[in-house]
Amino acid sequence: MQMTPLTLPVHESKPRRVGLTMAIDTGLPTRYFQDLISSFSELIDVVKFGWGTSLVTADLKYKIDTLADAGVEYYFGGTMFETFVLQDRFDDWRRFCDRFHCRSVEVSNGTIPMSNTDKAEYVARLAGEYRVYSEVGFKDSQKSEDLSIDLWLEYMRQDFEAGAAIVITEARESGRAGICLPNGDLRVDLIDTIGESGIDIDRVMFEAPNKELQVQFIRRFGPGVNLGNVNPTDIVGLETLRLGLRGDTLLDFADDGAVLAMAGGRDA
């Protein structure tokens, strides 16, 4: 970041503990992807190769080389994990991850019939070797609505206890499932309860694929909230939301007194 005399909210510089941004690659052309990572790597902490796109991406190695060179973490989407598990090919999934030198993995049960207890067992098996992102919530909007708030909390705690480094709350790339209603509205009661539950919010990543959701989470938890499923083309826009440099959050941070005025970093 360039030197600025402005008083702005604090967003840690990389490597960040909080305020993580996970960008989702939905199958971007390779050179476009490389340009985005080259331009915005300081604003991106981790890239998820969405669902099973990694299996049909001919240039996957070149994308991963770009991320490795830029110091950006990466992993393959949870739906790919579920597909391998459904076909009883968990070891093949691990070999695929290791082939591309993944140090992070995602474990989920958003689509296939798998109990959270079974999912947590996979988390425990992987936690000693990888940084595990586990996901809570279903891709089916009705199943997500039927999942009680108490069970959301129980499943999140179970995953943490199993060794998950980060627990992701499902919203899909559409923002219409999991923590969101089918019309796209955020389940505010659920989010407020998570925030007040004693769960370490610094270890929770909320999927927020659109500006409206990003604004709500930043207003609720501050600029240091972890956000995922961000379109790579929205990375700069999200950073301006975190720093109150966009009309949507400008007045939210006008009086918080946090100072950011450093060249090349975001630490106060």
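Mentor: Let's go through the labels one at a time, starting with where the values come from. This is a predicted model, with local features needing pLDDT of at least 70 and side-chain atom pairs counting only at pLDDT 80 or more, while totals for chains, interfaces and linings use all residues. Residues are numbered from 1 along each chain as its sequence is written, and side-chain values use heavy atoms, with hydrogens and water left out.

Trainee: Fine. Why are Lys 63 and Asp 25 called a salt bridge?

Mentor: The label asks for a side-chain nitrogen of Lys or Arg within 4 Å of a carboxyl oxygen of Asp or Glu. Here the N to O value is 2.8 Å, so the pair qualifies under that rule. The two residues sit 38 apart in the chain, Lys 63 in helix α2 (residues 60-70) and Asp 25 in strand β1. Helices (H or I, at least four residues) and strands (E, at least two) are DSSP runs numbered from the N terminus.

Trainee: What makes Lys 63 buried or exposed?

Mentor: Buried means under 20% relative accessible area, exposed over 50%, and partly exposed in between, with a 1.4 Å probe and protein chains only. Lys 63 has 1% relative accessibility, so it counts as buried. Asp 25 is also given 1%, and therefore it is buried.

Trainee: Which class does each partner get in the bridge between Glu 12 and Arg 17?

Mentor: Their closest N and O atoms are 2.4 Å apart. Glu 12 has a relative accessible area of 15%, so it is buried. Arg 17 has 57%, so it is exposed.

Trainee: And what about Asp 252 with Arg 219?

Mentor: That bridge has its closest N and O atoms 3.1 Å apart. Asp 252 lies in the segment after α10 (235-242) and Arg 219 in helix α9 (residues 211-221), 33 residues apart. Asp 252 is at 40%, so it is partly exposed. Arg 219 is at 49%, so it is partly exposed as well.

Trainee: How many salt bridges does the rule give?

Mentor: The count comes to 15. There is also a network of salt bridges linking Arg 89, Asp 92 and Arg 95.

Trainee: What makes the cavity a cavity rather than a pocket?

Mentor: The structure holds one cavity of 30 Å³ or more. The largest cavity has about 50 Å³ of space, a volume being the space filled by probe spheres set on the points, which are joined across faces, edges and corners. Its lining includes Asp 25, Leu 28, Phe 33 and Pro 232, and β1 (21-25) and α1 (30-40) each supply at least two residues.

Trainee: How do the linings of the largest cavity and the largest pocket split by class?

Mentor: Ala, Val, Leu, Ile, Met, Phe, Trp, Tyr, Cys and Pro count as nonpolar, Asp, Glu, Lys and Arg as charged, and the others, Gly among them, as polar. The cavity lining has nine nonpolar, no polar and one charged residues. The pocket lining has two nonpolar, six polar and eight charged residues. That pocket has a volume of about 150 Å³, and Lys 48, Trp 51, Thr 79, Lys 139 and Glu 173 lie nearest its centre.

Trainee: Which residues touch the most other members of the largest nonpolar core?

Mentor: A nonpolar core is a set of buried Ala, Val, Leu, Ile, Met, Phe, Trp, Tyr and Cys residues joined through side-chain atoms within 4.5 Å. Of the 70 residues in this one, Phe 76, Trp 93, Ile 179, Phe 206 and Phe 217 touch the most other members. Helix α7 (residues 149-162) gives the largest share, six residues.

Trainee: Last one: why flag Asn 229 and Pro 15?

Mentor: Most residues other than glycine have a negative phi, and most peptide bonds are trans. Asn 229, in strand β8 (residues 226-230), has a positive phi near 60°. Asn 229 is at 4% relative accessible area, so it is buried. Pro 15 is joined to Lys 14 by a cis peptide bond, with omega about 0°, and Pro 15 lies in the segment before β1.

How values were computed:
On a 1 Å grid over the protein atoms alone, a cavity is a set of points where a 1.4 Å probe fits but cannot get out, and a pocket is an open set with protein on both sides within 12 Å along at least five of seven lines; lining residues have an atom within 4 Å of a point.
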